[in-house]
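Visitor: I've got a model open and I'd like to learn how to read its helices. Can you walk me through it?

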Amino acid sequence: MDTWEVHLDESTDRKFYINTVTKEKTWKPPRLFLGVRDMKDGPTTQPKTNAQSASTTEHLPSPNFSPAAVQRRVKSGAANCDRLSQTKSMVLTDSSPIKLPVSRHRRNHSQHNLSEITGMVDQSCLQPLEKNGFLNKAKITEGGKKLRKNWTSSWVCLEGNRIEFYKERKQQTLASLKAGYKPETVDLCGAQIDWAKDKSSRKNVLQLTTFSGNEFLLHSDDDSIHDWYQTIRRAIDNLGNSPSASSIWKSSSSEELNRSEGDNYSKSNPKEAKPEHRKSLILRLNHGSSDNSEKKRVKSRLKKFISRRPSLQTLQEKGLIKDQVFGCHLTVLCKREGTTVPRFVKLCIEAVEKRGLDADGIYRVSGNLATIQKLRFVVDHEEKLNLDDSQWEDIHVVTGALKMFFRELPEPLFPYSFFDQFVDAIKNQNYTQRVQCVKSLVKKLPKPNHDTLRVLVKHLQKIIAKALVNLMSSQSLGIVFGPTLMWPEKETSNMAVSMVYQNQIIDLILSEHTEIFDPEEK
């Protein structure tokens, strides 16, 4: 064994052996090979057949040739590739044909070369990789059925007429994968590649559609996706002129033609149609309705449903729908109740003045939202409301419901037409003129708005009177009720500035309530 050297293949971390005399290379530890025996003992005397003589042509390996690449190419070839994978070892020489090891039980085994190996598999298996690298992949359609989009990072290999997706990259991609692992393979024959503009919010996304109806999205964070597009496009174009691609399209066209002829015959002669044709016709009629016809049917059904739906007045007369309190216009609600201040507002104010004036952060602290929604439902659907019930014992639930009532008014307590006027008034630098301008605008408010505001301000004065206990001053209440009682009809870019003015307006009304509201008003 002095003539053999041990080396390490860095790409696969496998040991291989080189004969210093014959320059032979092998993965397996050196044994008695046919080539070595012939070199020592002279040429064999066994006669060669014509086939064996024809196979003696030398085939030199390419500079980039590696045993691992050969194993991977052959394993991914046709079914006959099993013959190569079952061999015990492989010998490679720089100046002689590739030699497979001779079985220890058969010393007279015939010698194999590269031409014999390639004859067992498809020539496309030995084509070099055109492109590989990491891409983000998402399969969105399989056989025409849409799938949930799920992005995963995959090692993508474009090789000949197919693309292979691997979960992770090994040191040489395919050479060291576990036995039995099969990557996801996409046949490019008859496929289409294009940029996906409306299938994903990401940029630089390719959509690959196969002939079988599968759709893939390919994405890369860098500009390499453009190279992928050109390479895949070139591979598809090259396959477009191949006999296999043309045969696929011809067979598909003939199937569609035969199917359409059978359907036309079945439609014209339904009784004489074959059972399989009748079944196919029924399935195609059920499944072949276009999206436009489906949309038309839905629209027509919706129109019929809306036209036959009873009016709101009819439902109210039957007692199926009761008049709402939350979300109802203030003028309509007061007219329905025969008052200028909503009954719900009076009930909430009475409850707060009865057991909530000393509550810390009254109107500032939020109550339980679920309980507030429950109270809202009771107010909208039940005639009698008792806020002294134990389920409304948290006073912050009552105050939260009152604030929600004002926020859900279709038009705020300070109508839209008054918003800019109140803002201009609060901008007045003269304090006396500012108060008089606000007083004049308050008097111009509609009767329900004016009376409800007066009752609310009178109630909030009692809150301010106990500010040392509940820690709610006029400024604090202005911050709470500013955006609750008034807001602009259209949102603008300076909403923060408008909110400051809203708070100042409510604070001024609370501070100068005796001047703004006449004492003789009830």
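Visitor: At what angle do the axes of helix α15 and helix α20 cross?

Guide: Bear in mind that this is a predicted model. The axes of α15 (residues 416-426) and α20 (residues 495-511) come within 10 Å and cross at roughly 75°. Angles of 65 to 115 degrees count as roughly perpendicular, and α15 and α20 therefore sit roughly perpendicular to each other.

Visitor: Which residues make that contact?

Guide: From α15 you have F419, F422, V423 and I426, and from α20 S498, Y501, Q502, Q504, I505 and L508. Sorted by class, the contact of α15 with α20 has seven nonpolar residues, three polar and no charged.

Visitor: What else packs against the buried residues of α20?

Guide: Besides α15, the list has α16 (431-444), α17, α19 (474-485) and α21 (513-516). The buried residues of α20 are S498, Q502, N503, I505, I506, D507, L508, I509 and L510. As for length, α20 has 17 residues and reaches 24 Å from its first C-alpha to its last, close to the 24 Å expected at 1.5 Å a residue.

Visitor: Could we zoom in on a residue of α12?

Guide: Let's take F344, which is found in α12. F344 counts as buried because its relative accessibility is 4%, and the cut-off for buried is under 20%. Leaving out residues up to four places away in sequence, F344 touches V325, F326, V379, L385, A401, L402 and F405. V379 is 35 residues from F344 along the chain, yet their C-alpha atoms are separated by 7.9 Å.

Visitor: How many of the 13 residues of α14 are buried?

Guide: The count is 12, so α14 is mostly covered. Among them are I395, H396, K403 and F406. The buried residues of α14 pack against α11 (330-337), α12, α13, α17 and α19.

Visitor: Why does the span of α14 agree with what it should be?

Guide: At 1.5 Å a residue, its 13 residues should span 18 Å, and the end C-alpha atoms of α14 are 19 Å apart, which agrees.

Visitor: Where do α14 and α19 meet, residue by residue?

Guide: K403, F406 and R407 in α14 meet V480, F481, T484 and L485 in α19. This contact has four nonpolar residues, one polar and two charged. The axes of α14 and α19 come within 8 Å and cross at roughly 35°.

Visitor: And how does the whole chain look?

Guide: The chain has 21 helices and 12 strands. Buried residues make up 39% of its 522 residues. Looking at contacts between residues at least 6 apart in sequence, 59% join residues at least 24 apart.

Conventions
Residues numbered from 1 in each chain as written. Predicted model: local features only at pLDDT ≥ 70, side-chain atom pairs only at ≥ 80, totals over all residues. Heavy atoms only, no water. Axes fitted to C-alpha atoms, helices over the stretch in contact; angles between N-to-C directions. Helix = DSSP H or I, 4+ residues; strand = E, 2+ residues; numbered from the N terminus. Parallel < 35°, antiparallel > 145°, perpendicular 65-115°, else oblique. Contact = heavy atoms within 4.5 Å. Nonpolar A, V, L, I, M, F, W, Y, C, P; charged D, E, K, R; others polar. Expected span 1.5 Å × (residues − 1). Buried < 20%, exposed > 50% of the residue type's maximum accessible area, 1.4 Å probe, protein only.
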